[in-house]
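Visitor: I would like to learn how to read the features of a protein model, one feature at a time. Could you take me through some of them slowly?

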Amino acid sequence: LQEAPRAFPVPRDFRRVPGRPERISPALRFELRAAVERRLTALQLYEDLDETPPEFPLSGQMRERPAALAERAREALGISVADQLAWPTQYEALRSWKSAVESLGVLVFQIPAIDIGVMRGFSIAEMPLPVVGINRGESPRARIFSIMHELTHLMLRQSGICDFIEDSDAPPETLRIEVFCNAVAAEILAPAEVFLSQPEIASRPATEQEWQEDTIQTLSNRFNVSRTFIVRRLLDHGRCSHAFYQAKQALYLSQFRKSRAEPSDVREKWGEKRQRILGDAFTGLVIDTYRAGNLPQLERHFGAI
């Protein structure tokens, strides 16, 4: 180009990536810019349809208890604990949580080809139509937590790029915000009273500090959350040692990386893959524009689609 393109506002970087001169890689910067462009496209398509974008109804403050924000979020999402425990698979759980968040006027995009060590999620807290981006390289259960973490950022009206790691060497304010968002996400997905009342936990002495793998897996399957989430929840409630949590976290990460390195026989159709990446809310808006006969307006936005 004759001159550099106009810059776009980069969300606050909450990640801890030591020793990297450029914290935001070109690939991640491209995905952030694409998300911004898609949001602007969605706003234009609403205008073309002569419709008003939905307003995001949730808000919160850092001074509130995480459980209070989580309760409001869960009520707005319209998903009961009974609903959650009835989902048969992690894929059904991911679809249901994602659909519920999109129903609040949020665009949820899944980001391919970015290593999870670089970014697990991001949020763009521009209203209306805020954006949540989640890393498609993670397991469905890990992506569910990512959505809830970034939803909390939206409630705080705070854009950010996140890895969710609660490092002690992070700047105090950065660490405080990420710990808070993690706590709210955990309360949304496994409210303390419900979690601690599970028979596998309630039947054990409060001094129990180590847990059998089959118990962790059972709870993971029941709540449709990751095994790391379950062990972290036990740690948060003083039901396991920090050393036990760290050992399990390292084990699960090693197992996940090994599974990702193995060849997969799963093949996605191009259209289905694009819909999963772009989300039902954005895809549905594009289809509505097409059905309304606004193809000339839609052609202007093919780059974002």
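This is a predicted model: local features need pLDDT of at least 70, side-chain atom pairs count only at pLDDT 80 or more; totals for chains, interfaces and linings use all residues.

Visitor: How many residues does helix 1 have, and what span does it reach?

Guide: Helices here are DSSP runs of H or I with at least four residues, strands are runs of E with at least two, and both are numbered from the N terminus. The expected span of a helix is 1.5 Å times one less than its number of residues. Helix 1, residues 26–48, has 23 residues and reaches 32 Å from its first C-alpha to its last, close to the expected 33 Å.

Visitor: Which residues of helix 1 are buried?

Guide: A residue is buried when its relative accessible area is under 20%, exposed when it is over 50%, and partly exposed in between, using a 1.4 Å probe and protein chains only. The buried residues of helix 1 include Leu28, Leu32, Val36, Arg38, Arg39 and Leu45. Thr41, found in helix 1, counts as buried because its relative accessibility is 6%. The C-alpha atoms of Thr41 and Met127 are separated by 14 Å, although the two residues are 86 apart along the chain. Helix 5 is mostly covered, with 16 of its 16 residues buried.

Visitor: At what angle do helix 2 and helix 6 pack?

Guide: An axis is a line fitted to C-alpha atoms, for helices over the stretch in contact, and the angle between N-to-C directions runs from 0 to 180 degrees. Angles under 35 degrees count as roughly parallel, over 145 as roughly antiparallel, 65 to 115 as roughly perpendicular, and the rest as oblique. Helix 2 (residues 66–77) and helix 6 (residues 172–189) pack at about 50°, with their axes 8 Å apart, and they are therefore oblique to each other. Contact means heavy atoms within 4.5 Å, and among the residues that make this contact are Leu69 and Ala73 of helix 2 and Phe180 and Val184 of helix 6. For classes, Ala, Val, Leu, Ile, Met, Phe, Trp, Tyr, Cys and Pro count as nonpolar, Asp, Glu, Lys and Arg as charged, and the others, Gly among them, as polar. By class, the contact of helix 2 with helix 6 has 10 nonpolar, no polar and two charged residues.

Visitor: How do helix 10 and helix 11 cross?

Guide: The axes of helix 10 (residues 227–236) and helix 11 (residues 242–261) come within 9 Å and cross at roughly 175°, so the two helices are roughly antiparallel to each other. Among the residues that meet are Val231 and Leu235 in helix 10 and Phe244 and Tyr252 in helix 11. This contact of helix 10 with helix 11 has five nonpolar, four polar and three charged residues.

Visitor: What of helix 9 and helix 10?

Guide: Their axes come within 8 Å and cross at roughly 105°, which makes helix 9 roughly perpendicular to helix 10. The contact includes Ile216 and Leu219 of helix 9 together with Ile230 and Val231 of helix 10.

Visitor: Where is phi positive in a residue other than glycine?

Guide: Most residues other than glycine have a negative phi, and most peptide bonds are trans. Asp50, in the loop between helix 1 and helix 2, has a positive phi near 60°, and Asp50 counts as exposed because its relative accessibility is 72%. Asn224, in the loop between helix 9 (213–223) and helix 10, has a positive phi near 55°, but Asn224 counts as buried because its relative accessible area is 1%. Arg157, which follows helix 5, also has a positive phi, near 60°.

Visitor: Which residues does a cis peptide bond join?

Guide: The cis bond joins Met127 and Pro128, with omega at about -5°. Pro128 is found in the loop between strand 3 (121–124) and strand 4 (131–135).

Notes. Residues are numbered from 1 along each chain as its sequence is written. Side-chain values use heavy atoms; hydrogens and water are left out.
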